[in-house]
Amino acid sequence: VTEGCRGEGGYLINKDGVLFVEAAEAFKRGDLDRAFAIFPWPFISVAIAGISSMFGISAEVAAHLLNLGYWVVAVAAMQLILRELGGGPRVIACGALLMMMHPQTLQTLSSIFRGTGYAAFLLVGIFAFIRFRKSVGIGWALGSILSLFVATLFRVEGAVVLGLLGTWIGWTSWRSLGGTRAGNRVRFAAVLVVLALIVAAVIWG
């Protein structure tokens with residue numbers, strides 16, 4: 001049945017994927033009330049609508065392309081994390097194979113999940129955090145906060161990781177960078193993220 005549907009030019013996707021695509025179509029039409037009624041956490045649908053409009057493709061095809069892109073980023077970020085933790089070529093290769101051969105991988109690639117984008121930006125944020133811990137660099141600090149914030153836009157659970165690592169980054173930057181301009185930028189970014197999370201909680205809570 002699956003192959004028959006694909007042969008007719010259609011796709012079988014998961015229930016949430018259908019909602020994301022329908023909300024994206026509503027965003028493309030400018031029907032915001034309908035889009036929020038379909039799915040109240042809009043980031044993934046807005047991203048789908050943006051890619052669909054940018055490249056002139058259907059929302060469903062755009063969703064699958066984004067899903068694939070997120071998965072590639074997640075695999076690459078995991079390899080970078082393993083390298084930063086001291087893993088050699090064998091460990092890094094095994095990590096990549098484990099992610100590609102995991103039973104959920106095929107389901108993830110054939111469906112549309114928020115979790116794929118969440119995992120991609122979460123892993124990128126963790127990698128940037130590890131680099132920050134080693135170098136106390138302003139770029140890695142801001143990169144980690146930004147990546148974890150985007151992960152939170154996919155799934156609200158990211159706020160927990162963002163809060164924990166953001167607090168660590170703020171404390172470390174306070175001790176290491178003091179009142180310098182770089183330290184102030186990190187703390188300012190952290191405050192903006194916290195305020196954005198509060199506003200999001202009020203709007204969608």
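Let's start with helix H6, residues 89–101. Helices here are DSSP runs (H or I, at least four residues), numbered from the N terminus.

This is a predicted model: local features need pLDDT of at least 70, side-chain atom pairs count only at pLDDT 80 or more, and totals for chains, interfaces and linings use all residues. Residues are numbered from 1 along each chain as its sequence is written, and side-chain values use heavy atoms, without hydrogens and water.

Which residues of H6 are buried? Ile92, Gly95 and Ala96 are (buried: under 20% relative accessible area, 1.4 Å probe, protein chains only). They cover an arc of only 95 degrees around the axis, so they sit on the same side of H6. The arc uses directions from the helix axis to the C-beta atoms. What covers them includes H5. On the other side, Arg90, Cys94, Leu98 and Met101 are exposed (over 50%).

Now the largest nonpolar core. That means buried Ala, Val, Leu, Ile, Met, Phe, Trp, Tyr and Cys joined through side-chain atoms within 4.5 Å. It has 40 residues; Phe20, Tyr70 and Phe154 are among those touching the most other members. Helices supplying at least two residues each include H2, H5 and H10.

Last, confidence. Mean pLDDT (the predictor's confidence in each residue, 0 to 100) is 79 for the protein chain.

How values were computed. Contact means heavy atoms within 4.5 Å.
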